[in-house]
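Good morning, and thank you for coming. Please look at the sequence and the model while I go through a few selected places.

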Amino acid sequence: MRKRFFLMLALSAALSLAAPAMAAPNDVQAELDRAYRHYTQGDYHAAMQHYRALAEQGNAAAQNVLAVMYATGQGVAQDDAQAVKFYRLAAEQGDANAQFNLGIMYADGRGVKQDYAQAAKLYHLAAEQGDADAQYNLGVVYDQGYGVKQDSAQAVKWYRLAAGQGVAAAQYGLGVMYDSGRGVKQDRDEAVKWYRLAAEQKHAKAQSNLGGMYAMGHGVTQDYVQAEKWYRLAAEQGDATAQSNLGFIYAEGLGVKQNYAEAMKWYRLAAEQGEAKAQSQLGVMYERGRGVKQDYAQAIQWFHLAAAQGFSQAQYNLGVMYSRGRGVPQDEAQAQKWYLLAAERGYVDAQYNLGIRYLQGDGVKPDDAQAEKWLRRAAEQGDAGAQQALQIMREQGQIR
């Protein structure tokens, strides 16, 4: 049994504290037992005294726990340098908990210069001994290329080992790899399997992704009722993506009775966390007066926040607002700017609008070449209006 100390959120975010081992000599084991009892009772000062004595005798388990106490400031002034010292002593004796914990310190740059390569080496040592958290962190390291060459196949390997030991974050990570086909053949059924295992452990992102699988019918029969269930569980944990998607479910009435007020609630929660899609959708709600009094100024505010993050739908919507003078003075130059930004990001409505503006000289100087360029891009995405406009241009001899 190991007690976890949550310190590092980017990876596994935990420091490992081992319960008393059973292989120590009787007198050492008795001392470890006493120290552990003091610790679990919250008497950190007494625990520190026992662990320090054992650590100075070279006991690796005690050295690891002493390091944890220095890292967390339990029973002693918080001191990362001392934590690193004792982690290193234990790690050099092959203690997997200490190897993992020292890896965390290197990854976080606590008590040592940040060094992802060294962190990866230490995770590897602990992972090969079967430490589940180290296996998960090593999966992240290979997935993201932190201190090692990015290798999706290796990421899958280590995620799988950790997932098999029940680590929810690893189950989620393995689900993502199957969902996206990275490091493994794409398999939506497998993705759902691993998302579900993690979701049942209350992993918010897994719950959100499982909701998405139900919403899209990927790996499961499309079921908006199930989508709403899983989105809600994640949303209630504060997951912004799930909050945004739950807002959409209520705005569109998918598997639930349409409820604009409920949609507004969830869009706002996500938007206030900086979720660009929710910010854009909140702008739409204000622009149309859905679930809230129509307010173009508020719509503009939320569109700007999303557009600043490069969200193409919001950029297009800003173009519309400036072109029509809604919430802002009419300004065709600003409209053109935002249409162009959205069009360059592949937003088909912006490409079509931009093509028509150039074709008709609406807010810009007429330019058949530019009109053809943007209409063709929209047509290639299947936009029927763009295809028809191009056909008319051919018939009128404006293009070949």
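Let me begin with a term: a residue is called buried under 20% relative accessible area, exposed over 50%, and partly exposed in between, using a 1.4 Å probe and protein chains only. Glutamate 272 has a relative accessible area of 54%, so this residue counts as exposed.

Two remarks on the source are needed. This is a predicted model, in which local features need pLDDT of at least 70 and side-chain atom pairs count only at pLDDT 80 or more, while totals for chains, interfaces and linings use all residues. Residues are numbered from 1 along each chain as its sequence is written, and side-chain values use heavy atoms, with hydrogens and water left out.

The pLDDT is the predictor's confidence in each residue, from 0 to 100. The protein averages 93, and 94% of the residues score at least 70. Over residues 1–13, however, the pLDDT is below 50, and this stretch has 53 contacts in the model beyond near neighbours in sequence. Contact here means heavy atoms within 4.5 Å.

I return to glutamate 272, which sits in the loop between α14 and α15. Helices are DSSP runs of H or I with at least four residues, numbered from the N terminus. From glutamate 272 to alanine 240 there are 32 residues in sequence, but 8.9 Å in space, C-alpha to C-alpha.

Glutamate 275 lies in the loop between α14 (260–271) and α15 (276–288). A polar atom of the glutamate 275 side chain does lie 2.8 Å from the backbone nitrogen of alanine 278. Leaving aside neighbours within four places in sequence, glutamate 275 is in contact with Ala240, Thr241, Ser244 and Ala270.

Several of its residues are buried, among them Leu354 and Tyr358. The elements covering the buried residues of α19 include α17 (312–324), α18 (332–344), α20 (368–380) and α21 (384–395). Just after α19, glycine 361 takes a positive phi of about 65°.

Methods: Helix = DSSP H or I, 4+ residues; strand = E, 2+ residues; numbered from the N terminus. Polar contact = N/O pair within 3.5 Å; in protein donor to acceptor, adjacent residues only side chain to side chain.
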